Every structure is written in C-alpha cells, then in structure tokens.
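Look at the two chains side by side. The report below follows what joins them, then turns to one chain alone.

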Amino acid sequence: MITNIILAGVGGQGILTIAATLDIAALNNNMFFKQSEVHGMSQRGGAVQSHVRISDGEIYSDLIPKGKADIILGMEPMELLRYLPYLKKGGWLITDSQVFDNIDNYPDKEEIFTKIKSFPNHLVIDASKIAKKIGSSKAANMVLLGAISSFIPVKDRALKAAIKILFDTKSERLVQLNLNAFETGKKYVEDTVSI
Amino acid sequence: MRNIVLGDEAVAQGALDAGISGVYAYPGTPSTEITEYIIKKKAKESLNIHATWSANEKTALEAALGMSYAGKRAMAVMKHVGLNVAMDAFMNMAISGINGGLVVVVADDPSMHSSQNEQDSRYLANFAKIPIIEPSNQQEAYDGIRHAFKMSEKLRLPVLVRLVTRLSHSRSLVTFNKPLKQKRVKFPNDIKRFQLVPARAKPQYDLLVQKQAEIRECAEDSPFNKLIIGADKSIGIIASGIAYNYLMENFQDGCPYSVLKISQYLLPRKQIKYIFDESERILVLEDGYPFIEEQLADFFKENTKVIGRLSGHLNRTGELTPNMVAKALDIKLESINELPNFIEGRPPQLCDGCGHYDTFNALDEIRKEIGDKQIFGDIGCYALGALSPHHTISTLIDMGASITMAKGAADAGVHPSIAMIGDSTFTHSGMTGLLDCVNEKTSITVIINDNSTVGMTGGQESSALAKIKGICLGMGVDPEHLKVITPLPKFHEENVAVIKKELAYKGVSVVIPQRACVRLPSDRKKEIKKILEAQN
C-alpha cells in the first residue's frame, strides 16, 4: 500500500522540514519512501511542492501521478489548489487558513475557500494562528504535520522522534515548540473529525 | 543499513566510496548538491581529497583531467548547460583518453525548472563517443558511479553519468558499499596520447572509433540494462533512466509487455534487436530528448513501428511523467479534478532586502530616459530582473553573454549599452568579454552586482570574492571609470548619479554595486566584510 502526500506552499514556509520528518519516520518504521523536492530558482518566494510517497513495498516513481494523492497538505490555500489534479477520489485537502499574497493578482479569497469546501474531505486549519499562540507562527508546518498524522501509515512515535532529530542541533526550546505544535495539530483534528 | 539521501547525494557518496581523490565543479541546479555534500563531508571527516568550487565548468573538467593524468580518480560535476562551457575539454579528453578513472556527472533539467533550455547530455556524450550511465533511481545512482569509474578505467575513457532533475532532487533509501581506496600518483605509460598534435590526434581518434564496439559490448553485458520478457507482444517498451519508473508505476502488479530498461549506453544492440523483432510496435520512453527513438525510428516514416515523442504518442517537449506514459499506453485514468481557472502563477522573487532590488530601482529610473531595450542581463538571481515587477533586463542567454552582447550592440551603434552581471558569473565567463571591450575601447557600462556569493544556487563561495576590482584594473579598465557603490535605499540618488555619469562616458566603465547576499549567515557576512575592507 502506497500513501501519497503532496506538500504545497511557498518557498520558505517549511515544506522541506515536513518532508524530512516524514522521511526519517518512514525509515524508522522500516518502510520505503520516495520524496521529491524543489531546489534552485523556484525556491525564492515562489510556488514549491514536495511529493512524498510512503509504502510497505518498493516504490517506482518519484512523482505522484495525477489522481493518486491521498492527501494534499497546503501551507497556503491557493498553493493547495494548484495541485488539485493530483487529488484522488475521496482524498483529503488539508490546509492552513492563512493566505500568503505576495503576488499582485492573488485570486479572490472567498473563491479559494469555496472551492476547497466543495470537496467532502477537507480541513481548513488556523495552523499559523495556533502556532503563534504556542510560541511561533513558524511552527505552523508542524501543526499541519500533526493534523495529517492520523491519516498516514507512520507512527506518531516515529514522527516525534524525527522532530527531535531535526531540531536537536538547533535548541531544546525549538524541539519542545515543534513537538507541542505537532500535538496541538493532532488534537485539533481528533476533536474535529471522526476518522 | 539504509541511508536517507537525495539522488545528488547518492552520486556524491558513490564517488567517495569509489575512491575519488577530487571533485571539480561549478554550482548549477540541479547538480549543486553533489559537490556541496562532498565539501561538507570533507570538512566534517577531514577527508584527504580535493573538494572546492572551480571558476567554471571548463576549468573544472580540465583540472579533473589533470588529476586523472596523474593517475588518480577524479569527478567533474555540472548542470547540462555547463557542459557546453566545458565542451572543448570534453571532446578532446575522449580522444586522448584518461589515466585514473574520470567521470563527468551532468544533471539535465527537462521542463527547464531552473534553466534556459532542456538539452539532453546524452547527445553530447554520443558526440564525444564515450559511454553513458543513466541511473533510474537513487540506489542505481550510488552504484552507477562506482560502475562508471570501473568502465572508465577499463576503457581508458571518460564516462558521462546523466542525471535528471527528478532523480537529482528526490530522496530515498540507499545502501552503501565498502569504500575503495584512492589511487596513488602514477603517470600514464604512454604520454603521447595526451599530446593532441595532429600526428598523435589522428591515430587516437581512430582508436576511439574502434573502441565503439567494445563500449557497446560493455552495455550489452551491463547489469544496469535489463530485458524483461512479457507475454503480450502487441507492444515492446524501451525505457531509459527514470522513464522506467514511470512505466512500472502504471503496472504495479507487473507489466504484460516486454520491457527493455536502459541505463548504460551505447545502445545495447543485442537486446534491442530481440525486443524489436518480437514486438509488433516499440514504444520508447525517455525523460529528455528522443535520443533513443531517433536512433531507432525510420527517416522516411515508411515504417511506423517505433513510437514515442517523435510520433506524437508522447509530448514532444518537457519532462516525462507517469501520466504521459499511461496516455501513450491507453491506460484509462480515474477522473481527474481540473485545475481551478482562478489559480495564478507564483514566480520566484528576490528576497526581502536583496541588494539587487536597489540596483534595479536605480536602473529603472535611468530606463525612463534611455529606453528599456538596452540592458543586457545574465545568469544569476538578477535574472529575475526579466520578470515582473522589474522588467529591468532585456536579454538572458548564457553565462557571460551580458557583456559581449552589450559590446555587439555598442558596436552596432547603441549608446548607452549596459551589461548587468553578477560577481561569480563575471569570473565564470564575463572577464574575457570585458577584455575585448577594453582592447577596443568599446563604449559600454558593465554593472557587476557583487553579492560576494553564488546566490541562486544557495550561497556557495564565489571565485570572484574580493578580486573584481583587481581584475578590472589589471585588464586595463580606467580607474576613473571603475566605481564601487553600495546598493541600499539610502544611497539611491547617489547611485543613480554615479551610473548616469558613467553612461555618458565614451569608453569602458564598470560600476560595482557591492553588498553581501542577505541570505548568507551573519558570520559569513562579517567575514566577507573584513575581506573586502582589507582589499579596499
């Protein structure tokens, strides 16, 4: 069984950290994964995405085919919708509610959320606000990782261990902040949806 | 043990474990992380190898050849367009052959994610008549490098390893092998083959032509090429590199057709003959140009047996995807949601506080007077000056072309003619163009944006650090017309005045907006400041 996740956002929003957490957790759970990412020119304030595929068996393609993503996780709502053709029938759209409008022609926000809400399986989470409340809006990515943790085949323990590994070199405060963000995101979803 | 590595890092670790004594490279997406990994590893583990950025791809490849000549294993790394810069050395090292193993790793960028074209390096390796390894996944990237060095030493030829963006920049799990030891200095027994005067080059070229049969045999026996026989003979599929993954993605429970996976070239004729004869049609899948398809397809289109990008069964341009493969094989896709029509593009932008903004702003004021078609741009972060909201630069062709194109326009009578280039692009390929201008007293203004780093690829060390002024003066730029300015909003008026004054000058003038890249760590910025102060 392959679980396909597309992480969508803007360069600098912490997508690669979510991806790295999933990679380490998958390895520690003895699973296979492939995870493509964006480097170079597009990283600078532009649209970025990462395809993460986790499986108990061998995975061929580094890219998720269209119509096969179980989850599209948006650090930003318009970026979430950019990958809509990848969504599987019945797949989940999960996104931070906060828009990032660094372009002049950013579309009508209501139109964006109406579209997202037209899918039965969607979650719009105030991840940035939640993260800010518990310490720093930068941890919004870990709130969202917590939010999808119940939908994916890697165990929470492995995800939390991965967060520790990734932030350990920075500071104990950051480890705690990100673990806290993860737990808060997880709890938010558990209180909101029945899975 | 399984290790989490990027495709690029698998190549890097593969090279270290294949016993290289040096890596030579110029940064370029998607190849940069290979050399970065080796540089970091060297620092961390005090490895006894050469790992420093070169001024450009040509100097990199020639240095790698020198190390190989001395008997040690060397790797040169670049992006696809970088190979154009190194092409002179590349073609001729195939004629001379090598001594210690020499592998040229080139990362292609189908779909031009971060490049000005999507050229396919397999054509250039074929042009040079050398073997190619094209790994299909991260483990093969690791194993393929060791195999490439083995081939290189067996055939006494350089070997090209071709990567594509989706392999370079995708992580997976890789098992490492026991490392090989580095080689010692040992000159070639026969140095005459490295002396390419016509009398020696001719027999060497004949030898290279003769070696082609052996190169093909190596590919026919290669563990990286795999023929899998299927029961359904209505179509046979030839898939190279990562195209194999996109094929198999569509057949999770096994492919009913015969499949020839190709990861080593020359094309394995034996296996191709087999699949060609037994199948009614042949579908060729490649992430890049139709390199294999062109070799197999029929010129007069009388025989339509071979299909792929040329026949229109796959998109003619752009990178291959699993969905394109499904379409070519008539595999029904589940309903796919359409992209909402209100989604807008979000192009990359300069970072907040970037000095290039200030230089663009100064030039924008000048453009109001001189018109907006005579600022020639170059490769680097300031290439974003071609996009909204700036629209500052008119052209963007290749590394260094800003200065030489501005020169040609000046020669045609355009004044002022302005070139905009970055510090490391200047030392990569801009210096010689400036020399032409100085020698001819061309009326040109060259703006060298000095952020003291290679910015776009992530802040690598610039070969130009603290050297630009000296280089310009050494080439004969008049010190009166060599101005260093600080691109900050508070100096805007002053900077506009300096540039305007130099534009009026009939001769070569150089303006250097100098401010370290905002993305560099603060200790590096301090270090750069100290170095620049000592120079000034």
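## Strands across the chains

Two strands pair if DSSP finds at least two bridges between them. A:Gln35 has B:Arg171 as its bridge partner in β8(B).

This is a predicted model, where local features need pLDDT of at least 70, side-chain atom pairs count only at pLDDT 80 or more, and totals for chains, interfaces and linings use all residues. Residues are numbered from 1 along each chain as its sequence is written, with chains lettered from A and ligands numbered from 1 in the order in which they are written.

The open sheet has eight strands with mixed pairing, in the order β6(A)-β5(A)-β4(A)-β1(A)-β3(A)-β2(A)-β8(B)-β1(B). β6 (122-125) of chain A and β1 of chain B stand at the edges, each with a single partner strand, so one side of each has no neighbour in the sheet.

Within chain A, five bridges join β4 (residues 69-74) to β5 (residues 87-96), and these run parallel. A:Ile72 stands opposite A:Leu93 in β5(A).

## The contact between chains

Chain B gives 39 residues to the contact and chain A gives 42 (C-beta atoms, placed from the backbone, within 7 Å). On chain B, the elements that each supply at least two residues include α10 (243-249) and α13 (322-328).

Notes:
Contact = placed C-beta atoms within 7 Å. Helix = DSSP H or I, 4+ residues; strand = E, 2+ residues; numbered from the N terminus.
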